[in-house]
Amino acid sequence: MSDSETIAAGYAFTGPALDLGALLWDGACLPDAQIRIPLPMLNRHGLVAGATGTGKTKTLQLIAEQLSAQGVPVFLADVKGDVSGISAPGVTNDKVAGRAAEVKQQWTATGYPAEFYALGGIGHGIPVRATITGFGPVLLSKVLQLNQTQEQSLGLIFHYADTKGLELIDLKDLRAVVTFLTSDEGKTELKNIGGLSTATAGVILRSLTAFEAQGMADFFGEPDFDTSELLRTASDGRGMVSVLELPAVQDKPQLFSTFLMWMLADLFHDLPEVGDADKPKLVFFFDEAHLLFNDASKAFLDSITQTVRLIRSKGVGVFFVTQTPKDVPGDVLAQLGNRVQHALRAFTPDDQKALKATVKTFPNSSYDLEEILTGLGTGEAVVTVLSENGAPTPVAVTRLRAPESLMGPIDAATLDAAVKSSSLYGRYAQAVDRESAYEKLTTAERQPQPQETPKAAAKKSPPKEDESMVQQVVGSGMFKSLARSVGTQIGREITRSLFGTARRKR
């Protein structure tokens, strides 16, 4: 058996699979040697990498289309604003027809069911918001660019708010709690919760103020987006393609990358274990993945690694999309079983180093991958996936199929019409500002405190040395009046997860 036949045999799966394209060997396209990904292996995660302009976005579109056709919901982060076309039929031309003929593709113009979302409603899409409590201290620390010590201190502030029944819905709620803790009366509370200095609380407060001044307030609040909306199928049985439109927040990369991680973490909390299934419950494409890992704390990276490792058993596949594999930490990269590597450039010493590092991440191959990876054309890639028995397939240089939906954005009017006609629009479009920490603290500050007589003060016994933290907190003068307005049980702390995000009851 020749090398090309051996490679082709490695992709001859018997079960349902996605068709990527046809094998390239010695410069020739072999249309009968189809390169595929087994559908059950899509929850083993993946990587789509390559230099700018090499076709990564079209690869996402190609995979997303076939997943939808097989009844699997898909989430796509549309950073550049060119994925919305997946909802409209594609347009044929000589280039598309030629590609289809080369790879033995029966190309049919097809649009797929799609919902369009936008962070905080900034841009075109159904607003996606998260409460501060739901987002949690670890992810928020990433957005605020806090160091490890400040991140830990923010966790104590969340703990304090939880125990006091102070709901953290939006940024003004968190700012109100931190402002109180740095006030003359609140400084005593800092001593009681331990490990939180006035200086660190001040840094967090300044970070929050600067963050809000940049227009970030819209992203946090209610109604809190229910990530189970991403798991829906259309009436015809096809998986819904959820497109998060991000062009309006391109200048806020840490915000949108961290919001994507919140969505994934929220799904992780709520989904039951399913083990190995016939097909994934959802495939999540994480575009511009390097932004997630830039300047990340060790705790944050550890949480990402653990989430990616464990979410597979809940039926969710995650594809990271970036320029080179070195953008993804090794512990995360080691969990990505499916690889589609587009061309890399080697114009600088750093580029050459990245190229050599990329080659080392592939299984042994009869190809000269250093030469191949710098010579791939647009719409060509080096592929290796997990076979039906979980073993890596042979490395295959592949000419990829053409997407059947529109390869470009739909116009703004069509996009707005799709958003407003969605059944979800009425549920999430209008922001809600109910009573929470800000209102409760403001009310408590306005309430006059009873003056203590010297005689009453003399009768007070000193606090016991073994008095619990919660008992000390509840004993503060301001919060005796506040407690009457608190609807949640004093001392009940919200259960939190790997990222410190709050679990929600569906």
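Thr6 sits in helix H1, which covers residues 3–9. The model described here is a predicted one. With a relative accessible area of 40%, Thr6 is partly exposed, because that class lies between the cut-offs of 20% and 50%. Beyond its neighbours within four places in sequence, Thr6 is in contact with Met1 and Pro394. Thr6 and Pro394 are 388 residues apart in sequence, yet their C-alpha atoms are 8.1 Å apart in space.

The largest nonpolar core has 140 residues. Leu67, Leu174, Phe259 and Phe320 are the residues with the most contacts inside this core. Its largest share, eleven residues, comes from helix H10, residues 253–270. Apart from neighbours within four places in sequence, Phe259 is in contact with Leu119, Val128, Arg129, Ala130, Phe135, Phe219 and Phe220.

Helix H10 is also one of the partners of helix H9. H9 runs through residues 198–213 and has 16 residues. At 1.5 Å a residue H9 should span 22 Å, and its end C-alpha atoms are 22 Å apart, so the two values agree. Which residues of H9 are buried? They are Thr200, Ala201, Gly202, Ile204, Leu205, Ser207, Leu208 and Phe211. An α-helix has 3.6 residues a turn, so residues three or four places apart point the same way. The buried residues of H9 pack against helix H5 (137–144), helix H6 (148–163) and helix H7 (171–181), as well as against H10. Just after H9, Gly215 takes a positive phi of about 85 degrees.

Two of those partners, H6 and H7, also pack against each other, at an angle of about 100 degrees and with their axes 11 Å apart. Angles from 65 to 115 degrees count as roughly perpendicular, and H6 and H7 are therefore roughly perpendicular to each other. On the H6 side, Leu154, Ile157, Phe158 and Tyr160 meet Leu174, Val177, Val178, Phe180 and Leu181 of H7. Leu174 was named above among the residues with the most contacts inside the largest nonpolar core.

The loops hold several backbone features. Gln145 is placed in the loop between H5 and H6. Its phi is near 60 degrees, a positive value in a residue other than glycine. Gln145 counts as exposed, at 60% relative accessibility. Further along, Pro223 has its place in the loop between H9 and strand S7 (241–245). A cis peptide bond joins Glu222 to Pro223, with omega about 5 degrees. Glu288 lies in the loop between strand S8 (282–286) and helix H11 (290–293). Phi of Glu288 is near 50 degrees, again positive in a residue other than glycine. At 23% relative accessibility, Glu288 counts as partly exposed.

The last stop is Gln335, in the loop between helix H13 (330–333) and strand S10 (338–341). Is Gln335 buried or exposed? Its relative accessible area is 18%, so Gln335 is buried, the cut-off for that class being under 20%. Polar atoms of the Gln335 side chain face two backbone positions: the oxygen of Thr305 lies 3.4 Å from one such atom, and the nitrogen of Arg309 lies 2.9 Å from one. Neighbours within four places in sequence aside, the residues in contact with Gln335 are Arg44, His45, Thr305, Val308 and Arg309.

Conventions: Residues are numbered from 1 along each chain as its sequence is written. This is a predicted model: local features need pLDDT of at least 70, side-chain atom pairs count only at pLDDT 80 or more; totals for chains, interfaces and linings use all residues. Side-chain values use heavy atoms; hydrogens and water are left out. Helices (H or I, at least four residues) and strands (E, at least two) are DSSP runs, numbered from the N terminus. Buried means under 20% relative accessible area, exposed over 50%, partly exposed in between (1.4 Å probe, protein chains only). A polar contact is a pair of N or O atoms within 3.5 Å; within protein, one must be able to donate a hydrogen and the other to accept it, and residues adjacent in sequence count only if both atoms are side-chain atoms. Contact means heavy atoms within 4.5 Å. A nonpolar core is a set of buried Ala, Val, Leu, Ile, Met, Phe, Trp, Tyr and Cys residues joined through side-chain atoms within 4.5 Å. The expected span of a helix is 1.5 Å times one less than its number of residues. Axes are lines fitted to C-alpha atoms, for helices over the stretch in contact, and angles run from 0 to 180 degrees between N-to-C directions. Angles under 35 degrees count as roughly parallel, over 145 as roughly antiparallel, 65 to 115 as roughly perpendicular and the rest as oblique.
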